[in-house]
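Please consult the sequence and the structure shown below while reading.

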Amino acid sequence: MRVAYNARRITRPRSVRHHSALAQPQPRPAPSTSTKTDPYALLAPHLEQMRTSLLTLLGSSHPSLNAIAQYYFLHPSKQLRPLLVLLFARATNGLGSEFPQVNWAADNARAHQKELDAPLTRKDILCDWNPSMPDHTASFESAFELRIPPPQSPYTPPPPLIHQTHPQALTHTLLPTQLRLAQIVEMIHVASLLHDDVLDKSPLRRGAPSAPAAFGNKLAVLGGDFLLGRASAALSRLGSHEVVELIASVIANLVEGEILQMKGSGTEAAPSPSSSASSAIDLEDLHSSPSPSSSDKWSIYLKKTYLKTASLMAKGARAAVVLGGCREGEVWKEVAYAYGRNLGIAFQLIDDTLDFSSSTAQLGKPGFADLRLGLATGPALYAAEEFPELEAMIERRFGKDGDVETALTLISSSRGVERTRELARIHAEKAREVLALLPRSDARDALEGLTEGVVKRRW
């Protein structure tokens, strides 16, 4: 595969300055001495506001559902996905030709912050019975009565001059819709973590017992579904069909990526319908088709990496720019997508190396988890080029006694981890390059710093 081949040929890049862009979990470390803008410091008030108000979006009349939905939000996290949304909003607001309209709407129409919290449909229809909202829900103690809707406020059209051409100039502001989008992408991310931890049987997440370990598999799955439902409702209120389409496709990508990871091949035939409606999915059958070649393994691995990780970053960043008034044909949303896609792949490549080079305490989750799940990530694929005996273990998904221990020894003796980091640097550098199309700003500086921080992180 060309990407893997290029990664072998590149020389070690010259050293870059230390940057603390991803120095999260809390308490935060001392600020970096780098002159680059720290993205977390730049947006700290907005991230804190987002985190606090996010919990109000997750309320349910069921205490168990409340607890599981909020569980991962109460632990320190990198918040990288909402950070990208807000940074691109700040780096591009004012550049899109329709920014005057969306900016006007933020002050005068449904895009105002308080309106984003108001449902498009009557609360007693959306919420059913919720004892914490007695004035806005209907109980089931009696038959439901028809309610005559109250009169609506008259529509206020935008001023006629707002549609005229405006000069492209950064406003360094954030719109309420973009702040809400940041919450939505984090909700979708956490929903995927809840489902992943069930599938992977993970005992730890963010240094604490995983949701399945704390609440059980059923509640973890239902909690993830609940978050996706809340995210979908919030998404509908943003007022952009394009953004709804982008974010909805992310949810489909997450499922496609998980299936691709379970299979390990992109060529399987569709499973045959079972004669028994109660039959469980046969995972052995799912893994039984002919094994892909080495180049196909790389292609599948990087495609899975995009679907499961980079898609949300790329499409979330693009959606932020769309909400800022960027129309089709304007380059700003293309920059956001290209940056998010490359940064997301670099992020996951580094994550895959940390599985071999960091401790459980540093990661906040068990080490060597990928091998134990039968997954061959970048370090294993590169190591197999140096030690062909790894190929057979990869084919059987490290399922034979002693495979995991032998594979760990061979990977540790190879340049697999180092070469995977080099490949991550290629993607991170490409992400940094596309930022040259944006005007200079503190947000652009912070985005540049993230390309360094993602590759340098050790947790």
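Which residues in H18 are buried? In this predicted model, the buried residues of H18 are Gly-378, Pro-379, Ala-380, Leu-381, Tyr-382, Ala-383 and Ala-384. Because seven of the nine residues of H18 are buried, the helix is largely enclosed by the rest of the structure.

**The contact of H18 with H21**

Helix H18 packs with helix H21 at an angle of about 120°, and their axes lie 8 Å apart. An angle between 115 and 145 degrees is neither roughly perpendicular nor roughly antiparallel, and H18 and H21 are therefore oblique to each other. Their crossing is right-handed. By class, the contact of H18 with H21 comprises five nonpolar, three polar and three charged residues. The table lists the residues that meet in this contact.

| Helix | Range | Residues in the contact |
|---|---|---|
| H18 | residues 378-386 | Gly-378, Pro-379, Tyr-382, Ala-383, Glu-385 and Glu-386 |
| H21 | residues 416-434 | Gly-416, Val-417, Arg-419, Thr-420 and Leu-423 |

Gly-378, Pro-379, Tyr-382 and Ala-383 of H18 meet residues of H21, and these four residues are also among the buried ones in H18.

**Thr-309 in H14**

A further helix, H14, spans residues 294-323 and contains Thr-309. Thr-309 has a relative accessibility of 7%; because buried means under 20%, this residue counts as buried. When residues up to four places away in sequence are not counted, Thr-309 touches Arg-81, Gly-344, Phe-347 and Gln-348.

Methods: Residues numbered from 1 in each chain as written. Predicted model: local features only at pLDDT ≥ 70, side-chain atom pairs only at ≥ 80, totals over all residues. Heavy atoms only, no water. Helix = DSSP H or I, 4+ residues; strand = E, 2+ residues; numbered from the N terminus. Buried < 20%, exposed > 50% of the residue type's maximum accessible area, 1.4 Å probe, protein only. Contact = heavy atoms within 4.5 Å. Axes fitted to C-alpha atoms, helices over the stretch in contact; angles between N-to-C directions. Parallel < 35°, antiparallel > 145°, perpendicular 65-115°, else oblique. Left-handed = near helix turned anticlockwise from the far one by under 90°. Nonpolar A, V, L, I, M, F, W, Y, C, P; charged D, E, K, R; others polar.
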